[in-house]
Amino acid sequence: MDKFTNSAWFMRIVAFALAALLFISINFEMESDKKSLGLSTAPEISTETIENVPVEVYYDRENLVVSGVPETVDVTLKGAKSLLINAKNQRDFKVYVDLSDPAISMGDRTVTFKISDLNEKLVATIDPEYAEVNVQERVTKEFSVEAEYNSSLLEEGYTAGQPTVSPQTVKITGAKDAIEQISYVKANLEISKGLNETVNSKATVKALDRDLNKLDVTIEPSSVAVSLKVSIPSKTVSIAPKQTGKAKDGIRITSISVDPKEVTLFGSETSLEKIDEINLPVNISKIDGDTELELDLNKPDSVQKMSLGKAQVKIRTEKVDVDEENAEPVVEEEEPETEQKQEEQVVEEKPEPEEEDEPAAIESKTFSNIQIVPVGIRDDQDAELESDVTSITLLGEADDLKKITKDDINLTVDVSNLDEGTHDVDLAVTVPEGVEWELDSKTVSVTITQKEEET
């Protein structure tokens, strides 16, 4: 045995066996590495469709407008599965249309889609393969903006003025033929139903053709500020106290007065035209003597609202003899002159309580929403009043008050000597002679600001 193991042939056989094992082991490891790296000699071929791949368009954007190119396309890739997965996840390839040739002509043309930055071992198919595009000269033009709104959404009785727009013009850029089709440039103000107050909001600007179809153009700015002044017509009418019920025995009603004597109604013009006064029923059946009451004013159904809901009522009375009040006058046939004298005496004596009651000779009349006018504003300043209207009550004889209208009353505030800031300034009141006046507040808050210098 030792002789065999020490022989040269034995050593040769062992060396050959070891070499064979080493070759097999190395070859097996190399095959495994190739498979793990995707270098298999027989890779698995697959297809993969990638949807909604964005399309880029190369052209002279300063001078041209291109339309008709779809925003996305579908790309089908074919190749090794490992490469497909990488391409789908990374999306590092581009689909584009090339219209960058300076010599390109205007009008319609057919262009094919191209793909770049794709692994050369993958084959791509684009759907659709081509597009019908239109190339036009790029034009920019300035247009006036018209604001619009749905007037049917205003609350009943309210009206709105013409909406104002800022800025009043916009610049619209697009293809020449699209710019030539523009018939209207609208800013639609979105409002909700039952609108009863002024609106200041933003509205998107749209360019429309003559059939009100929206055009594919670029608008700068794309939105504008819109102001819509909403108001309600008003009318000031007198409050007329109406006596109801029967006075108690021994009580005679000498006068009924109301304060204030007027109320402002708000509603549609047609509704207000039919109303000249507001009746205030005064039940005298429970009156025992001079009384002051606060009574509710009944709002007419056709009126939206009133400036006040209650009024103060003053009732003046006198006590009379029950027997005298119920007794029938005695008529003597022999002396008809006596009966006549008695009747005349009754007529003459009736007004005496009113003549003795001096305050009853003075009436009051209230005017609402009298404009306050600032005077003496310097050229480099702006003056803003906290409230530019107020109410004023005039006191005087009834005949004098009936002749007075709002136009006879002037309220001003002198701001000529005011510096920048907020000030309480006395109101200057001008009314016709022979009447006195009362204000809820004899001052008004005025804010003075400096005007910005024009550049």
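Colleague: How many helices and strands does the protein chain have?

Modeller: This is a predicted model. Its protein chain contains nine helices and 32 strands.

Colleague: How should I read the contacts along the sequence?

Modeller: Take the contacts between residues at least 6 apart in sequence. Of these, 70% join residues at least 24 apart.

Colleague: How many aromatic pairs are there?

Modeller: Two rings pair if their centres lie within 6.5 Å. The count here is one aromatic pair. The partners are Tyr 58 and Tyr 96, with ring centres 5.4 Å apart and planes at 35 degrees, so the pair is tilted. Tyr 58 belongs to strand 1 (residues 45-58) and Tyr 96 to strand 4 (residues 94-98), so the pair ties together parts 38 residues apart in sequence.

Colleague: Is Tyr 96 buried or exposed?

Modeller: Tyr 96 has a relative accessible area of 17%, so Tyr 96 is buried.

Colleague: Which residue lies over the face of Phe 266?

Modeller: A Lys counts as sitting over a ring if its NZ is within 6 Å of the ring centre and within 35 degrees of the ring normal. Here Lys 305 lies over the face of Phe 266, at 5.3 Å from the ring centre.

Key:
Residues numbered from 1 in each chain as written. Predicted model: local features only at pLDDT ≥ 70, side-chain atom pairs only at ≥ 80, totals over all residues. Heavy atoms only, no water. Helix = DSSP H or I, 4+ residues; strand = E, 2+ residues; numbered from the N terminus. Contact = heavy atoms within 4.5 Å. Phe/Tyr/Trp six-rings, centres within 6.5 Å; stacked < 30°, edge-to-face > 60°. Buried < 20%, exposed > 50% of the residue type's maximum accessible area, 1.4 Å probe, protein only.
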